[in-house]
Amino acid sequence: MATSTKSHKLITLNELTEKILSYAPDADIALLRKAYYFSHEAHCSQKRKEGTPYIGHPLSVASMLADMHLDVMTIIAGLLHDTVEDTETKLQDIKEIFGDEVAFLVGSLTKLSKIQFQTREDAQAENFRRMFLAMAEDIRVILIKFADRLHNIKTLQHLPPSRQRRIAQETLDIYAPLANRLGIGWMRIEFEDTSFKYLMPAVYRDLLKKVAKRREAQEGYINEVARQIKEKLASYDIPAEVSGRVKHLYGIYRKMQIQQIPFEQLYDVLGLRIITDTQNHCYEILGIIHSLWTPIPGRFKDYIALPKSNMYQSLHTSVIGPKGERVEFQVRTREMHRIAEEGIAAHWMYKEEGRVLQKDAKYIKWLRELIQSQKDLHDAKEFLDVVKGEVVPEVVYVFTPGGEIKELPSGSTPVDFAYGIHTEVGHKCVGAKVNGRIVPLRYQLQSGDTVEIITSPSHGPSRDWLKFVVTQRAKSRIKQWIKAEERKQSLELGHKILETAFRKRGLSPSIIKSPEMDEVAAAFSMRSREDLIVSIGYGKVSAQQVANRFQPEKKEEAAAEEVLLKKPLKKTKDIGGITIKGVDNILYHTAHCCYPVPGDRLVGFVTRGKGVTIHRHDCPNLERLAVDDTRLVKVDWTPTGDRTSITKLNVETMDRPGMLAKLSALFSSMNVNITHLEATSTQDGRARFTFFIQAKDKAQLLKLTQKIASTEGVFRVRR
């Protein structure tokens, strides 16, 4: 039984040449050789972390691109992709020697190393933004980047653990779902499994052993089922290849998490794949399978009639096979199998002007629409969050009243559907009918639903919609509307507060519109006087501080306040090491919805009259609250001495004696104190624990969660 992964060993230039000529006999091999020697010379003094010559990396990238049967210009760009970033080579050199096409690809993959960013996250987000924009022009950009990333994560063992985890998490968050969206199944599997190995090594090793044991125990059974179906298909004269398949490790782990069951209760770790010649034969084979064994209700999926968004096509069914065992089948044509494995790389072709042909354009249509709809997002991190949300693996298919089919992420609501039609339809949405029946706006749409949106011209979006909408389009449009409304309200309130402060000081409110007001706004690091007034309305800036600027006798006080504004906030008794940037002496506290600790990526949210609440950057409540980024402030928090912070862990386990004692002993072994505990049991034999603990920082918390996750009987652990 084989999984859908590919291995890549370092090959020589001659072997690379032979590989390319096997599928592209007219390829410009002379230019390829020139690119190899150019790259070799540029990287001649460099070595990889493992001590090998650096040229091995671009050569491996080129080999993977050749495995995908890409054109020689793409492979040349793969050989040269690091030259501009890591050597003295200029992009103009690439352009003069290898042409505009190669220069565009290499330039799109070169990081913005010359620009100074405040944080590594800012630099990462902006680099991804540039790459996505280039990818919308030429899909080969991401294919080269995929090969580059795959070789890098295959050699992660030579990096420090912190970098291993960072690169693995980035791969799992961005590259794996993007590979899935572009239909490159084998690469998605390699991204996921290798990342899983470094992010949760103990869980990975445990699952690897269990899968090997299950495979050994059931291989004979699967072979017997395969023999029976082969004989039956042969009797009907249907050509077919039948092979066993093993789900990849991360896929198994995700299924355990979603279904909240231990490995022992998973029935579809092993299965059978049947590849035939025509679509009609696929359905005939399905009928034969169901005639031999009883199908399990709800386990049949027809991805041939309704392909996934990445053009994946196959029939999936599960049956009660011989001896009462469950068996999962996948049935597809050879062409469907090729597309399932290679995606956009399976049958891509470029015209002379470098644009993807119409038949392949649907692969990246979603990306171009995404970039177009998000063109007003100036923040690169927000853009990256939007992209992450769009590369969703599961979708539902619903219909408009006119019969037009719409594809939406699984879990979408009528509000997502409304914004998918038009922004104004979303804004004016007051209700919805699904299949002719009124449903709540938070109703989760199912495949096959017909959706009708009820609108009102006087209606506007609700902040509560952010609690249940799924699509990034809906989220961003709702946030933009609320942000505009809140800004308008804060502008009015700021005007009133400032006018009152001026009158108390005997100043004319007309000063607000004077040129001096622009100078004061600049002194407070604001882009305009309007921004300053909005900040007063939000409570980020004091109206008294602004008024002081216009009174000569208050100059010294104003200067002192300016110094205070630029100083970091001093430590308080209960929280140490916190710095809030851009805000003067202000109250603050940590949020009890996400319980941040040092090491987390943090954001402060300015609450009128209550100071700053400090949240984790990924706190779901923050997304709903902070629709206006003018209310967000940057926060730094570094561990100080032996100080600890209260945080929360939710653990779900089997409900059996000794489970709590086992977990408590684990906390104790990690020198972590439990301050409070809540426990409940469920009717399906599970126990849910909420531990309130004292943690020093995120690193300690990560080690703790990994140990808990690998404990026998634990289904899930999360913050």
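R529 and D518 reach each other through their side chains in a salt bridge, 3.0 Å from N to O (a salt bridge being a side-chain nitrogen of Lys or Arg within 4 Å of a carboxyl oxygen of Asp or Glu). R529 sits in helix α22 (residues 529-538) and D518 in helix α21 (residues 515-523), so the pair ties together parts that are 11 residues apart in sequence. Helices here are DSSP runs of H or I with at least four residues, strands are runs of E with at least two, and both are numbered from the N terminus. R529 is partly exposed at 24% relative accessibility, and D518 is partly exposed at 36%; buried means under 20% relative accessible area, exposed over 50%, and partly exposed in between, with a 1.4 Å probe and protein chains only.

The model is predicted, so local features need pLDDT of at least 70 and side-chain atom pairs count only at pLDDT 80 or more, while totals for chains, interfaces and linings use all residues. Residues are numbered from 1 along each chain as its sequence is written, and side-chain values use heavy atoms, leaving out hydrogens and water.

The structure holds 30 salt bridges in total. One of them joins K145 to D148, with the closest N and O atoms 3.3 Å apart. Both residues lie in helix α9 (residues 140-154), 3 residues apart, or about one turn of the helix. K145 is buried at 11% relative accessible area, and D148 is buried at 6%. Another salt bridge pairs R188 with E192 at 3.2 Å, both in helix α11 (residues 185-199). D71, E101, D138 and R140 form a salt-bridge network.
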